[in-house]
Amino acid sequence: MFLKAVAVSLFTLASASAFAAECAVTVESTDQMSYTTQSFTVDKSCKAFTVTLTHSGNLPKNVMGHNLVISKTTDAQSIANEGMSQGLDKEYLKTDDPRIIAYTKMIGAPEKEDTITLDLSKLEVGSDYTFFCTFPGHMALMKGKVVVQ
């Protein structure tokens with residue numbers, strides 16, 4: 001009986017970890033003006049959700065910099081357009097814009113990574129969200145979908 005109880009306990013633990021929510025994602029950017037990820041899912045059951053942006057290229061951020069900004073899809077293009085006037089020192093963003101849910105700093109060689117933790121209270125299941133790069137001209141190719149469930 002004891003062995004049966006141990007077996008059931010181990011199975012329960014294994015099952016729970018197999019179905020645990022993924023509460024982090026890594027999105028890679030390249031010198032080819034692209035993200036290697038086209039979408040990611042944020043599980044609202046997570047206590048925190050982190051997004052790590054990496055850069056695998058060798059070009060500096062003033063030449064081929066990338067960031068990752070999350071907003072409602074309807075706001076993305078205007079956020080990127082308005083950010084162009086801010087310049088590289090301000091991440092090509094009006095960082096106090098309330099439409100921005102989260103953003104990483106601009107990265108490029110030698111700065112190759114930045115991580116952010118999302119405020120999950122700003123995300124609603126069923127709403128339409130996008131992640132994108134605000135370096136001038138990059139949004140045309142560098143964008144993806146954020147799914148909230």
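User: Why is Glu82 called partly exposed?

Analyst: Glu82 has a relative accessibility of 32% in this predicted model. Buried would need a value under 20% and exposed one over 50%, so Glu82, at 32%, counts as partly exposed.

User: What makes Glu82 and Arg99 a salt bridge?

Analyst: The distance from N to O between their side chains is 2.8 Å. The cut-off is a side-chain nitrogen of Lys or Arg within 4 Å of a carboxyl oxygen of Asp or Glu, and the contact of Arg99 with Glu82 meets it. Arg99 itself is partly exposed, because its relative accessibility is 25%.

User: Which parts of the chain does that pair link?

Analyst: Glu82 sits in helix α3, while Arg99 belongs to the loop between α3 and β5. The two residues are 17 apart, and the pair is one that links distant parts of the chain.

User: How many salt bridges does a search of the whole structure find?

Analyst: It finds five. Among them is the one between Asp128 and Lys145, with the closest N and O atoms 2.8 Å apart.

User: Why do you say that Asp128 and Lys145 tie parts of the chain together?

Analyst: Asp128 lies in the loop between β6 and β7, whereas Lys145 is in strand β8, so the pair ties together parts that are 17 residues apart in sequence. As for accessibility, Asp128 has a relative accessible area of 41%, so it is partly exposed. Lys145 also counts as partly exposed, because its value is 39%.

User: Let's turn to cysteines. How do you know that Cys23 and Cys46 form a disulfide?

Analyst: Their S to S distance is 2.1 Å, and the cut-off for a pair of cysteine sulfur atoms is within 2.5 Å. So the pair passes, and Cys23 is joined to Cys46. A search of the whole structure finds one disulfide.

User: What is the handedness of the link, and what does it tie together?

Analyst: The link of Cys23 and Cys46 is left-handed, with -90 degrees about the S-S bond.

User: Are Cys23 and Cys46 buried or partly exposed?

Analyst: Cys23 is at 26% relative accessibility, so it counts as partly exposed. Cys46 has a relative accessible area of 6%, so it is buried. Another cysteine, Cys133, is buried as well, because its relative accessible area is 1%.

User: Now the aromatic rings. Why is the pair of Phe40 and Phe49 called stacked?

Analyst: The ring centres are 6.2 Å apart, and pairing asks for centres within 6.5 Å. The planes of Phe40 and Phe49 meet at 10 degrees, so the pair is stacked, the cut-off being under 30 degrees. Both Phe40 and Phe49 are buried, and together with Tyr35 and Phe131 they form one aromatic cluster.

User: What makes Tyr92 and Phe135 edge-to-face?

Analyst: Their ring centres are 5.3 Å apart and their planes stand at 70 degrees, so the pair is edge-to-face; that class needs planes over 60 degrees apart. Tyr92 is in the loop between α3 (73-83) and β5 (100-103), and Phe135 is in the loop between β7 (129-132) and β8 (143-148), 43 residues apart. Tyr92 counts as buried because its relative accessibility is 13%, and Phe135 is buried because its relative accessible area is 9%.

User: One more: why are β1 and β6 described as standing at the edges of their sheet?

Analyst: Three strands form an open sheet in the order β1-β3-β6, with mixed pairing. β1 (24-29) and β6 (113-118) each have a single partner strand, so one side of each is left without a neighbour in the sheet. The twist averages 20 degrees from one strand to the next.

User: How do you know that β3 pairs with β6?

Analyst: Two strands pair if there are at least two bridges between them, and six bridges join β3 (residues 49-55) to β6, so the two count as paired. They run antiparallel, and Thr52 stands opposite Thr115 in β6.

Definitions and conventions:
Residues are numbered from 1 along each chain as its sequence is written. This is a predicted model: local features need pLDDT of at least 70, side-chain atom pairs count only at pLDDT 80 or more; totals for chains, interfaces and linings use all residues. Side-chain values use heavy atoms; hydrogens and water are left out. Rings of Phe, Tyr and Trp (its six-membered ring) pair if their centres lie within 6.5 Å; planes under 30 degrees apart count as stacked, over 60 as edge-to-face and the rest as tilted. Buried means under 20% relative accessible area, exposed over 50%, partly exposed in between (1.4 Å probe, protein chains only). Helices (H or I, at least four residues) and strands (E, at least two) are DSSP runs, numbered from the N terminus. Axes are lines fitted to C-alpha atoms, for helices over the stretch in contact, and angles run from 0 to 180 degrees between N-to-C directions.
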